[in-house]
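The following report describes how the secondary-structure elements of one chain are arranged and how they pack on one another. The sequence and structure come first.

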Amino acid sequence: MNRNIIAVSLFIAIALAAPHARAADLIRIGVPTSLTGPYVALGEEVKRGVTFAINEVNAKGGIGGRMVEANFADDEGNPDVGRRAAEKLVLGGSKLLVGT
C-alpha cells in the first residue's frame, strides 16, 4: 500500500507540474530520503517505488513527450540534513520534490 501511495502521489505531482514547461524539457524530480541512518529501510522502499513509477512513465513515452528523471539525496534520517538535501536538489535543477 505504501508503494501505491508513493506512485499515485508521484503521478499527480508530475501531472500538475507538466503544463508549466516546454514539451522537450526533462522533468527532474528530487527525492530527499533516508539512504543511510536509522530509516534506511524506508528510504530503500521509497527509492524502489519512485524508480519503478518513473520507469513505468518513461516506458509509455513520458508525460507529454517529456522524460522523467529522479535525483536522490540522503537525509540521514535527520531533519536538518534533510533540509540541506532538499535545497541541494532544488539548486541542482529539480523542479519538484517528493519525500516521506
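Predicted model: local features only at pLDDT ≥ 70, side-chain atom pairs only at ≥ 80, totals over all residues.

Strand 1 comprises residues 27–33, and it belongs to an open sheet of three strands whose order is 2-1-3 and whose pairing is parallel. Because strand 2 (68–74) and strand 3 (96–97) each have a single partner strand, they stand at the edges, and one side of each is left without a neighbour in the sheet.

The pairing can be followed along strand 1. Seven bridges join strand 1 to strand 2, the two running parallel, and isoleucine 27 stands opposite valine 68 in strand 2. Two bridges join strand 1 to strand 3, again in parallel, and here isoleucine 29 has leucine 96 of strand 3 as its bridge partner. Helix 2 (residues 40–59) packs on this sheet, where it touches strand 1 and strand 2, and its direction makes about 170° with that of strand 2.

| Helix 3 | 13 residues | 18 Å | 18 Å | 140° |

An α-helix has 3.6 residues a turn, so residues three or four places apart point the same way. Just after helix 2, glycine 61 takes a positive phi of about 95°.

Helix 3 (79–91) is capped at its N-terminal end by asparagine 78, a side-chain oxygen of which lies 2.8 Å from the backbone nitrogen of aspartate 80. The buried residues of helix 3 are Val81, Gly82, Ala85, Ala86 and Leu89; seen down the axis, they fall within an arc of 140°, so they line one face of the helix. These buried residues pack against strand 1, strand 2 and strand 3, whereas the face turned away from the buried side carries the exposed residues Lys88 and Leu91. Just after helix 3, glycine 93 takes a positive phi of about 110°.

Serine 94 is found in the loop between helix 3 and strand 3. Its relative accessibility is 5%, and because buried means under 20%, serine 94 counts as buried. The side chain of serine 94 reaches the backbone nitrogen of glycine 30 at 3.4 Å. Leaving aside residues up to four places away in sequence, serine 94 touches Arg28, Ile29, Gly30, Asn71 and Leu89. Among these, Ile29 is the residue whose bridge partner in strand 3 is leucine 96, and Leu89 is one of the buried residues of helix 3.

Definitions and conventions. Residues numbered from 1 in each chain as written. Heavy atoms only, no water. Pairing = 2+ DSSP bridges. Helix = DSSP H or I, 4+ residues; strand = E, 2+ residues; numbered from the N terminus. Contact = heavy atoms within 4.5 Å. Axes fitted to C-alpha atoms, helices over the stretch in contact; angles between N-to-C directions. Buried < 20%, exposed > 50% of the residue type's maximum accessible area, 1.4 Å probe, protein only. Polar contact = N/O pair within 3.5 Å; in protein donor to acceptor, adjacent residues only side chain to side chain. Expected span 1.5 Å × (residues − 1). Arc of directions from axis to C-beta.
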